[in-house]
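Subject: Structure for your review

Dear colleague,

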Amino acid sequence: MALSAAVPHQRSRRITPIWVSRVSPYLICIGAFLVLWQLLSLILGVARLPGPINVVVDTWDPYIIHPFFDDGGTSKGLAWQILISLQRVAMGYGLAAVVGITIGGLLGMSRFLGKGFDPVIQVLRTVPPLAWFPIALMVFQDSTVSAVFVIFITAIWPIIINTAIGIREIPEDYINVARVLKLRKGAYIRDIVIPATVPFVFAGLRIAVGLAWLAIVAAEMLKADGGIGYFIWDAYNSGGDGSSSEIVLAIIYVGLVGLLLDRLVAFAGRKLSKGAA
């Protein structure tokens, strides 16, 4: 009886450390970050850097508890501002994915094209995103379209490069098998190229979605009607008592959405990689 009574006790002692070990790193590290942030706020002053407590108090109503309020025009809750930005990102990023994978595939399968266009890609990919914005405004004469173009031109380069590298890294054995079987071009692309390059493509897509999210926030600060970048810049220009807290809250939202986008692309990449394997 004593031995059987001791078994549940041993199991409970084993379960507790597992639960604690999974949660404690987040609690300790995030808690330490918040404490350091609050201390730094006390040192610098709340007006210069609001602490986490000040941010919550200053923005609780309406930005935290009413994220979907809409007073007309650009006076909207943070959820609406995020959705406006996400719509622009979806258009620019989606276009960059389609065009980038296509161009990257052509450059990867043709050594002549890959070698010839490499200097052009290396030059253009180093141009800062906001440097494209004035050109886009001159060409398109529309701030929204210009913002979408900035996202597109920022996100496309890692997609092109990673797709091309993925094709060039196809094992030689796969290529020899395709030659022996005399696979047609379509079958070669479907059965060998696509499965072999999916991890590389999604590595590029994952980098690109982060760049796209960075680009839209910066572009909206310059010239946009609504969006999270517009909200941050508008809060800064308003200079109200709670403007600094609004900016910090918006930055937290930007970081969380960026993390979610990265995880979504990574999840899709894992699923497709298993399916293509």
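Leaving aside residues up to four places away in sequence, S143 touches F133, L137, K223 and A224. Please bear in mind that this is a predicted model. S143 lies in helix α6, which covers residues 143-168. Is S143 buried or exposed? Its relative accessible area is 13%, and because the limit for a buried residue is under 20%, S143 counts as buried.

Helix α6 also holds T163. With a relative accessible area of 3%, T163 is buried as well. A polar atom of the T163 side chain lies 2.7 Å from the backbone oxygen of I159. Which residues does T163 touch, not counting those up to four places away in sequence? They are G100, I101, G104, G105 and V201.

The structure holds 8 aromatic pairs. One of them is formed by Y63 and F231, with 5.3 Å from centre to centre and 75° between the planes, and it is edge-to-face. Y63 belongs to helix α2 (residues 52-64) and F231 to helix α9 (residues 228-238), so this pair ties together parts that are 168 residues apart in sequence. Both partners are buried: the relative accessible area is 15% for Y63 and 7% for F231.

The rings of F140 and F149 have centres 5.6 Å apart, and their planes stand at 50°. Why is this pair called tilted? Planes under 30 degrees apart count as stacked and those over 60 as edge-to-face, with the rest named tilted, so the angle of 50° makes the F140 and F149 pair tilted. F140 itself is partly exposed, at 37% relative accessibility. Ring pairs also link F140 and F149 with W132 and F152 into a cluster.

The surface deserves a separate look. A nonpolar patch there consists of L106, F112, L113, F117 and V120, which together have about 510 Å² of accessible area. Which helix gives the most to this nonpolar patch? Helix α4 (residues 111-124) does, with 4 residues. V120 is found in helix α4, and at 41% relative accessibility V120 counts as partly exposed.

M91 is found in helix α3, which spans residues 78-109. At 47% relative accessibility, M91 is partly exposed; the limit for an exposed residue is over 50%. The C-alpha atoms of M91 and V145 are separated by 9.6 Å, and these residues are 54 places apart along the chain.

A266 is found in helix α10 (residues 243-276). A266 is buried, with a relative accessible area of 10%. How many residues apart along the chain are A266 and L205? They are 61 residues apart, and 8.7 Å separates their C-alpha atoms.

Yours sincerely,
A colleague

Notes. Residues are numbered from 1 along each chain as its sequence is written. This is a predicted model: local features need pLDDT of at least 70, side-chain atom pairs count only at pLDDT 80 or more; totals for chains, interfaces and linings use all residues. Side-chain values use heavy atoms; hydrogens and water are left out. Helices (H or I, at least four residues) and strands (E, at least two) are DSSP runs, numbered from the N terminus. Buried means under 20% relative accessible area, exposed over 50%, partly exposed in between (1.4 Å probe, protein chains only). Patches are made of residues with over 30% relative accessible area and no salt bridge: like charges are joined within 9 Å, nonpolar side chains (Val, Leu, Ile, Met, Phe, Trp, Tyr) within 5 Å. Accessible areas come from the Shrake-Rupley method with a 1.4 Å probe; for residues, only the protein chains shown count as cover. A salt bridge is a side-chain nitrogen of Lys or Arg within 4 Å of a carboxyl oxygen of Asp or Glu. A polar contact is a pair of N or O atoms within 3.5 Å; within protein, one must be able to donate a hydrogen and the other to accept it, and residues adjacent in sequence count only if both atoms are side-chain atoms. Contact means heavy atoms within 4.5 Å. Rings of Phe, Tyr and Trp (its six-membered ring) pair if their centres lie within 6.5 Å; planes under 30 degrees apart count as stacked, over 60 as edge-to-face and the rest as tilted.
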